[in-house]
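Please read it with the sequence and coordinates in view.

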Amino acid sequence: MKKSFQSLVVSIASSAIITLSLAAQAHEDHYNGVELLPGLDKQHIRLSDIEPLIRRVQRSEVIQSEQVGESYEGRPLYRFSVGSGDTVVFMWSQMHGDESTATPVLFDLMQKIENDATWREHWADKITLHMMPMVNPDGAELAQRYNVQGIDVNRDARAQQTPEGRILMAQGRLLQPDFGFNLHDQSRYYEVGNTGKPATISLLAPAFNHAKDINAQRRRAMQLIGELKTVGDRMIPGHMGRYNDTFAPRAFGDNFAAMGISTILIESGAFPKDPNRQKARAVNVAMLIEAIDSIASGDYAEQTLEPYNSIPMNNSNSFKDVILEQVLVRDSGHEYRIDIGINRSSDARNNGSIREVGDLSVFPAFDRYDTNDYVYQAGKVYELPATGDALALSHHEYLDLLKQGYTHFSGDKAMLNVRTHLPVLVNPRDIPGSRPQQRQNATFLLSKQGEVALAVLAGVVIQLQ
């Protein structure tokens, strides 16, 4: 959305406005009745977050639990199973340690299975359901994509150099599922086609060969995705995309597809004002419930491929977190206007970079600002004292320093007593100079009528007037 700073005026005496592009929580009433377990509304899910849930499920009279192996560092990997039907369904999550959304989803689904006996009994004699949450607990502990060997588990289906990859492949071969659900997170910068909307959910029936042929098993996955599309159309209209189906010979989804498993990839992405992807979480739960119902009834078999093919393709790396429009830059006698696009890391307080400068009118952004009346200004460095008392940096004192043109500090971090919730940068790298450049730290100022009016600190936008 485009924002005018005139509509955001606030007294500096009370606070500064911090515009975090994904700062607000999604509301429960957006979830169309999907019940989510408490305590998992966070960006990174680690084993310690789900251990109480594992212990609860292990006491269940409905769901069977089995430890099927250990990670490289000895953390347990579990499989949870329910049902006795001939059709086997296998779901797994978080093979990339920093892709947390689907792990809570599987426990939300288990809660539904335990609490809703009527629904469970409708399909439990037709389906045997297996769930394997958090395939990569070591990576989850570090909030990183790879396992601790530095290997992408999802690129280890052939070589099986990771214990996590070996365990997952062993489960695929042992269970011989008819349907496999490969649950991931995707970049928040994916756009649905060229619609200007972030792809909150992306779907794919992965190819099993380079020719992208459609055999009976892949067609079945496409038909089932057509059923899942009805859920997305209801819960997140316009926010559903389709992943590229280029064959990835090392990936688990593609290899499982080659093994005759009807494989469905569900990628969770961003939704406006939802930093922890709770909207995607709720849609995932609803889609998996729909999938179980459709598989049990066989309704998916009546579906054509038209709904699958009608899902717009993802437009990768399209979104920016912030775009500042038409900022005036004055440099060594030159004067020009640019848009400044900013992306943040998952920890927006500490890391944000200038993604691109120039004409960014074609790109969507979570937050877009009209800064036509603002002039770019490089921030100054504040030297911390070498001895004596630490500098007490209260919120209001920090605002005063920003108004004086200081954006970052140099020296011993111990000489700074931080008492503000604003981002504080000590000895940062790549601070922009007189001309903002790509890949530099998104830390600078914008002035208006000769006074500092706006600060950008590590990508966080703070209004000072």
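Helices (H or I, at least four residues) and strands (E, at least two) are DSSP runs, numbered from the N terminus. The model is predicted, so local features need pLDDT of at least 70 and side-chain atom pairs count only at pLDDT 80 or more, while totals for chains, interfaces and linings use all residues. Residues are numbered from 1 along each chain as its sequence is written, and side-chain values use heavy atoms, with hydrogens and water left out.

**Cavities**
- A search of the whole structure finds three cavities of 30 Å³ or more (a cavity being a set of points on a 1 Å grid over the protein atoms alone where a 1.4 Å probe fits but cannot get out, with lining residues having an atom within 4 Å of a point).
- The largest cavity, with a volume of about 60 Å³, is lined by L37, L53, R56, V57, F107, M110, Q111 and E114, and α2 supplies the largest share of that lining, four residues.
- The second largest cavity holds about 40 Å³ of space, and α1 and β4 (76–82) each supply at least two residues of its lining, with β4 giving the most, four residues.

**Helix packing**
- Helix α6 (residues 216–235) and helix α8 (residues 278–297) pack at an angle of about 140°, with their axes 9 Å apart (axes are lines fitted to C-alpha atoms, for helices over the stretch in contact, and angles run from 0 to 180 degrees between N-to-C directions).
- Residues of α6 that meet α8 include L224, L228 and V231 (contact means heavy atoms within 4.5 Å).

How values were computed: 1 Å grid on protein atoms, 1.4 Å probe; cavity = no way out; pocket = protein on both sides within 12 Å on 5 of 7 lines; lining within 4 Å. Points joined across faces, edges and corners; volume = space filled by probe spheres on them.
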